[in-house]
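The exercises below ask you to read a structure step by step, moving between its sequence and its three-dimensional form. Try each task before you read its solution.

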Amino acid sequence: MIEVSHLTKRYGKITAVDDISFSVDTGEVLGFLGPNGAGKSTTMNIITGYISSNEGTVTVDGSEILKNPKQTKQKIGYLPEIPPLYIDMTVRKYLEFMFDLKQVKLPKKQHVDEVSRLVGLENHGKRLIKNLSKGYRQRVGFAQALLGNPPVIILDEPTVGLDPKQIIDIRKLIKSLGKKHTVILSSHVLSEIAATCDRVIIIDGGKIIADAKADELHSVLSENRRLLLTAEGSSSEIGAELNRIPAVQRVKKLGVAGKGANQYELEYLPDSDIRREVFNAMARTKSPILEMKSGDGSLEELYLRLTEKAKGGEN
Ligand code: ADP
Ligand code: MG
């Protein structure tokens, strides 16, 4: 459905997007994961035709954005990072206005009704956009993207700044979109992508550093677990005692963490919980535990594991 080939975008000396290629199948929900400044928004802006690239091509449903901009744009619904809302309009007026602007060829009233219902705005048509909460404004942005039933929906950080309840609602909406549309969404939050996507592309410094299916993502995340422990006492004694715990596979001293205390990283088998055994081991050596926390689930961790995996696969 979407073919992105060798995209590069430079801003002066900065290469925001550096030779990115990937394709997205019909019906796939693809997550774009990466830290701030990774190049996510720039890539999305190029795919949607908002900005041009220095090199490379984008084809959506067989039509190329540079050759047929109008026709290609009609195939894409886009929710940018900052949705283009006219806050002095009512929800209904705004959606009708966008309907006209996009030259949608569907029965107007019926279609605006349908889209409003889909995003949960059916009772908010008469409200001024400026009086809506951030979560409801985001729904208006969503509705705008859905007008005309485009086969491709692109969402840039759709849950940023929303509260937990609103995030759950928006995630549900994204999942339901995946049934009829091909979706690309970006986020710098791993759990966001894990919750909504079939596949994830990790980008950093304008480059793709990993491309994985969701089940791979979950298996990577549930592989060896890590625990971070800060404890006082002799590190050789502590290391030896921790290594006696059956599920512990590796103990690594990360460094000094205050007077007489060190931080350790413990790698242990999945599906085990070693916290009590760690407590007992530290009690035996009379080493006070200053802190103990789970070390998995971070974006950095995932980067490391997926990139290690990719390297391992090449050898
Ligand atoms: P992300 O969306 O992943 O946070 P962006 O695509 O917004 O990242 O930005 C990628 C890089 O390109 C950043 O270093 C950013 O500062 C730079 N950049 C983005 N837009 C512009 C612009 N209009 N002018 C100059 N630099 C830009
Ligand atoms: Mg961005």
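## Exercise 1: A serine in a strand

Ser187 lies in strand β8, which covers residues 182-187; here helices (H or I, at least four residues) and strands (E, at least two) are DSSP runs, numbered from the N terminus. Before going on, note that this is a predicted model, in which local features need pLDDT of at least 70, side-chain atom pairs count only at pLDDT 80 or more, and totals for chains, interfaces and linings use all residues. Residues are numbered from 1 along each chain as its sequence is written, chains are lettered from A and ligands numbered from 1 in the order in which they are written, and side-chain values use heavy atoms, with hydrogens and water left out.

Task: decide whether Ser187 is buried or exposed, and state which residues Ser187 touches.

Solution. Begin with the definition: buried means under 20% relative accessible area, exposed over 50%, and partly exposed in between, with a 1.4 Å probe and protein chains only. Ser187 has a relative accessible area of 3%, and therefore counts as buried. Next, look for contacts, which means heavy atoms within 4.5 Å. When residues up to four places away in sequence are not counted, Ser187 touches Phe32, Leu33, Gly34, Lys40, Glu157, Glu192 and Ile193. Finally, a polar atom of the Ser187 side chain lies 2.9 Å from the backbone nitrogen of Val189. A polar contact is a pair of N or O atoms within 3.5 Å; within protein, one must be able to donate a hydrogen and the other to accept it, and residues adjacent in sequence count only if both atoms are side-chain atoms.

## Exercise 2: The surroundings of the ligand

Task: find which residues are around ligand 1, and then examine the helix α1.

Solution. A residue is near a molecule or strand if one of its heavy atoms lies within 4 Å of it. The residues around ligand 1 are Tyr11, Ala16, Pro35, Asn36, Gly37, Ala38, Gly39, Lys40, Ser41 and Thr42. Now turn to the individual atoms: a polar backbone atom of Gly37 is 2.7 Å from an oxygen atom of ligand 1, and a polar backbone atom of Lys40 is 2.8 Å from an oxygen atom of ligand 1. The side chain of Ser41 also takes part, with a polar atom 2.8 Å from an oxygen atom of ligand 1. Helix α1 spans residues 40-47 and is mostly covered, with eight of its eight residues buried; among them are Lys40, Ser41 and Thr42. After α1 comes Gly49, whose phi is positive, near 80°.

## Exercise 3: A buried arginine

Task: describe where Arg139 is placed and what Arg139 touches.

Solution. Arg139 has its place in helix α5, and its relative accessible area of 13% makes it buried. A polar atom of the Arg139 side chain lies 3.1 Å from the backbone oxygen of Val119. Apart from residues up to four places away in sequence, Arg139 touches Val119, Gly120, Leu121, Asp169 and Ile170.

## Exercise 4: A threonine in the opening strand

Task: locate Thr8 and state how far apart Thr8 and Gln110 are in space.

Solution. Thr8 has its place in strand β1, residues 2-11, and at 5% relative accessibility counts as buried. Thr8 and Gln110 are 102 residues apart in sequence, and their C-alpha atoms are 41 Å apart in space. Leaving aside neighbours within four places in sequence, Thr8 is in contact with Thr15, Val17, Asp18, Asp19, Ser53, Asn54 and Glu55.
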